[in-house]
Amino acid sequence: MSSFQIGDIIEGSVTGISSYGIFIRVNEIYTGLIHISEISNYFVKSILDYVSIGEEILCEVMDVDEEEKHLKLSIKNINYKLVPRYGKIKDTKTGFKPLQMKLPVWIREKLEEIEETSD
């Protein structure tokens with residue numbers, strides 16, 4: 001009996017990227033492959049736009065090969081990112097103060113621009 005079932009959402013680490021898919025290390029025993037057709041519902045120009053080697057991601061189990069200890073995986077219908085690609089947004093001491101101070105200037109500039117184009 002497998003410890004993985006079809007439809008399970010599991011965590012894995014990206015160990016390799018090829019032109020046809022993403023190689024995943026699930027644990028000490030199981031590995032997996034996310035075929036390029038299971039990355040997105042849209043055309044995938046570059047797999048590197050989706051993941052990078054060493055990244056920890058979530059995957060959906062599509063098939064389990066108990067004999068080979070290999071999983072067919074997918075990320076196209078789930079939110080697979082564990083950590084946003086660009087990191088967390090950091091709080092600052094000033095918060096929204098700089099935007100609040102600039103807003104009247106931006107509004108005035110835009111209104112002047114609109115007036116110039118309407119003349």
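The chat below goes through charged side chains in a predicted model.

Trainee: Before we start, what kind of model is this, and how are residues numbered?
Mentor: This is a predicted model, where local features need pLDDT of at least 70 and side-chain atom pairs count only at pLDDT 80 or more, while totals for chains, interfaces and linings use all residues. Residues are numbered from 1 along each chain as its sequence is written, and side-chain values use heavy atoms, with hydrogens and water left out.

Trainee: OK, how many salt bridges are there?
Mentor: The count comes to four, taking a salt bridge as a side-chain nitrogen of Lys or Arg within 4 Å of a carboxyl oxygen of Asp or Glu.

Trainee: Which residue does K81 pair with?
Mentor: K81 forms a salt bridge with E55, at 2.6 Å from N to O. K81 sits in the loop between β5 (70-74) and α1 (97-118), and E55 in the loop between β3 (31-35) and β4 (56-65), so this pair ties together parts that are 26 residues apart in sequence. Helices (H or I, at least four residues) and strands (E, at least two) are DSSP runs, numbered from the N terminus.

Trainee: And is E55 buried or exposed?
Mentor: E55 counts as buried, at 14% relative accessibility, whereas K81 is partly exposed, with a relative accessible area of 22%. Buried here means under 20% relative accessible area and exposed over 50%, with partly exposed in between (1.4 Å probe, protein chains only).

Trainee: Switching to the helix, where do E112 and R108 lie?
Mentor: Both lie in helix α1, four residues apart, which is about one turn of the helix, and their side chains meet in a salt bridge of 3.9 Å, N to O. E112 is partly exposed at 40%, and R108 is partly exposed at 44%.

Trainee: What about K110 and E113, how far apart are they?
Mentor: K110 and E113 are three residues apart in helix α1, again about one turn, with a salt bridge of 3.1 Å from N to O. K110 has 44% relative accessibility and E113 has 42%, and each counts as partly exposed.

Trainee: New topic: which residues make up the patch of negative charge?
Mentor: D63, D65, E67 and E68 gather in that patch on the surface. Patches are made of residues with over 30% relative accessible area and no salt bridge, and like charges are joined within 9 Å, with the place of a charge taken as CG of Asp or CD of Glu.

Trainee: Where does D65 lie?
Mentor: D65 lies in strand β4, and at 32% relative accessibility D65 counts as partly exposed.

Key. Patches are made of residues with over 30% relative accessible area and no salt bridge: like charges are joined within 9 Å, nonpolar side chains (Val, Leu, Ile, Met, Phe, Trp, Tyr) within 5 Å. Accessible areas come from the Shrake-Rupley method with a 1.4 Å probe; for residues, only the protein chains shown count as cover. Lys and Arg count as positive and Asp and Glu as negative; His and the chain ends are not counted.
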